[in-house]
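Please examine the sequence and the three-dimensional model shown below. A short report on selected features accompanies them.

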Amino acid sequence: MSNSNYSQISELLHQETYLGNGELKPWNGKKDEVYSTISSTSEYSKTLLGTVPHMDEATALEVLEHACKAFDKGKGTWPTSKVAFRIKCMEKFVEQMKTQREKVVKLLMWEIGKSLPDSEKEFDRTVEYIYDTIEDYKQLDRDSAKFSKRDNVNAHIRRGPLGVVLCLGPYNYPLNETFALLIPALIMGNTVIFKPAKHGVLLLSPLLEAFRSSFPAGVVNIIYGRGREVAAPIMKSGRIDVLALIGNSKSAIALQDQHPYKNRLRLVLGLEAKNPAIILPDADLDLAISECISGTLSFNGQRCTALKIIHVHEDIREEFNKRFAKRVDELKFGNPWEEKVQLTPLPEPDKPQYIQELITDAKEKGAEILNAKGGQISENYIFPAVLYPVTQDMRVYQEEQFGPVIPIKPFNSIEELLDEIADSNYGQQVSLFGKDIEQIAPLIDTLVNLVCRVNLNSSCQRGPDVFPFTGRKDSAVGTLSVHDALRSFSIRTFVASKDNPYNNNILQELLASKESNFVNTDYIL
Ligand code: G3H
């Protein structure tokens, strides 16, 4: 598709169905309009993209029933099927998904304002994630195709599904982050109810038919609407076994609180973060500045992994601040499909106002805006302000801004800085810039105990997706990566028998007959 096709919305997309029980069921109730904050006219006005169902509690509970029926108390075809069958369904899905790339990429740009290269990357990365998951699952299955023997007991140990998963994704990676939950949950034999985020919802429409035709009825269900109207009653039923959510801890806690049997609820959560960059006096400033630009401002800072505060050593702060502020002002703002665009419209209509409040608060408490364009506001954007010096009493220090504003705080004592990072509510990642190994070594040894990834002379990021992605404190529950996610959505379960001729004969017969999908040592090559 050429960029000019991307820049026009020629027809509205009305999502008139939802996916339940293997059918695209018509929705005749209330609808929600979906708007883009991108204007399609010279005079600014938001653009209507289409509509989605505004589902109600009764329909949500009906869909829950479908998901429970498909799991069928562990007796369902999906949780008891052979691994090879689930892989076949997933392969069918991903092949169909690939044919929808352009439509999804266009909607990613219009719905959440992600640049064309980043939208394409999100799509391709997700497809790769699915293939990698399939390969990893095959390996997991091969590793389980054996018996272990200990103390006269034979054991055939595998990983089994947990049950019914409620899956909620974020708006900033509506495809990748959501699928990084959905795909491992499904392939491990769970059944899933998935509700897209408020922004980034229509882009799933081109994939609904692929979901419908690839998986057995009720295995994957897609609902629309407000969290408190559809997700809360589902949780309240007590029939959800796993809450898989990428978002913020407030929504995660509110949903957990609805569940009547908390000990039965497994959590897989990716939550907020406030990843710091630490710039040591001997850091390569060209490198540190480039990495901090991408770390703070890729997708306008709307990434859980974004650098959300920069701690710069007093000795170099003047040089760093001057050069960094200049680089920020050189960034190009424009619509997502425009060439070389780095800053793009914010999908949340209230975000420019919110960021402005953070800037005003910081200025009132003594910070200055270091860059000329910082804080320039329009209908759908606010130019990133580089704020210095930031102090702990400022909102921009305390809150996860999730948008284009960059707080810089000076430091002298690394000990004090480590204490500050330890006191933070978050513990996802850190970026450490410097080269003197005598300084770096003890820092690394402490920082790895405060966060879950120390990025040496590079910005924070989730990828490559085969690496563990997790956090401490309010930043995550559970670990995600291609490999770890398969574990997060499953539990070890096994068949054990005393090692005697009677039992061993039965086991041999079971294996030879291939009657059991569990007690099975077939190899998937
Ligand atoms: O929003 C959080 C995402 O996991 C970030 O992923 O580091 O690849 O942009 P990323």
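The model is predicted, so local features need pLDDT of at least 70 and side-chain atom pairs count only at pLDDT 80 or more, while totals for chains, interfaces and linings use all residues. Residues are numbered from 1 along each chain as its sequence is written, and side-chain values use heavy atoms, leaving out hydrogens and water.

Helix H15 spans residues 414-423 and has Leu417, Leu418, Glu420 and Ile421 buried (under 20% relative accessible area with a 1.4 Å probe, protein chains only; exposed is over 50%, partly exposed in between). Seen down the helix axis, the buried residues of H15 fall within an arc of 160 degrees, so they line one face. Glu415, Glu416 and Asp423 are exposed on the face turned away from that buried side. Among the elements against which the buried residues of H15 pack are strand S17 (405-411) and helix H16 (437-447); contact means heavy atoms within 4.5 Å.

Aromatic pairs number 12 in the structure; ring centres of Phe, Tyr and Trp (its six-membered ring) must lie within 6.5 Å, with planes under 30 degrees apart counted as stacked, over 60 as edge-to-face and the rest as tilted. Tyr18 and Trp27 have ring centres 6.3 Å apart and planes at 75 degrees, so this pair is edge-to-face. Tyr18 is buried at 4% relative accessible area, and Trp27 is buried at 9%.

Charges also sit over rings (NZ of Lys or CZ of Arg within 6 Å of the ring centre and within 35 degrees of the ring normal).

| Charged residue | Ring | Distance from ring centre |
|---|---|---|
| Lys114 | Tyr173 | 3.7 Å |
| Arg264 | Tyr261 | 4.1 Å |

Definitions and conventions:
Helices (H or I, at least four residues) and strands (E, at least two) are DSSP runs, numbered from the N terminus. The arc is that of the directions from the helix axis to the C-beta atoms.
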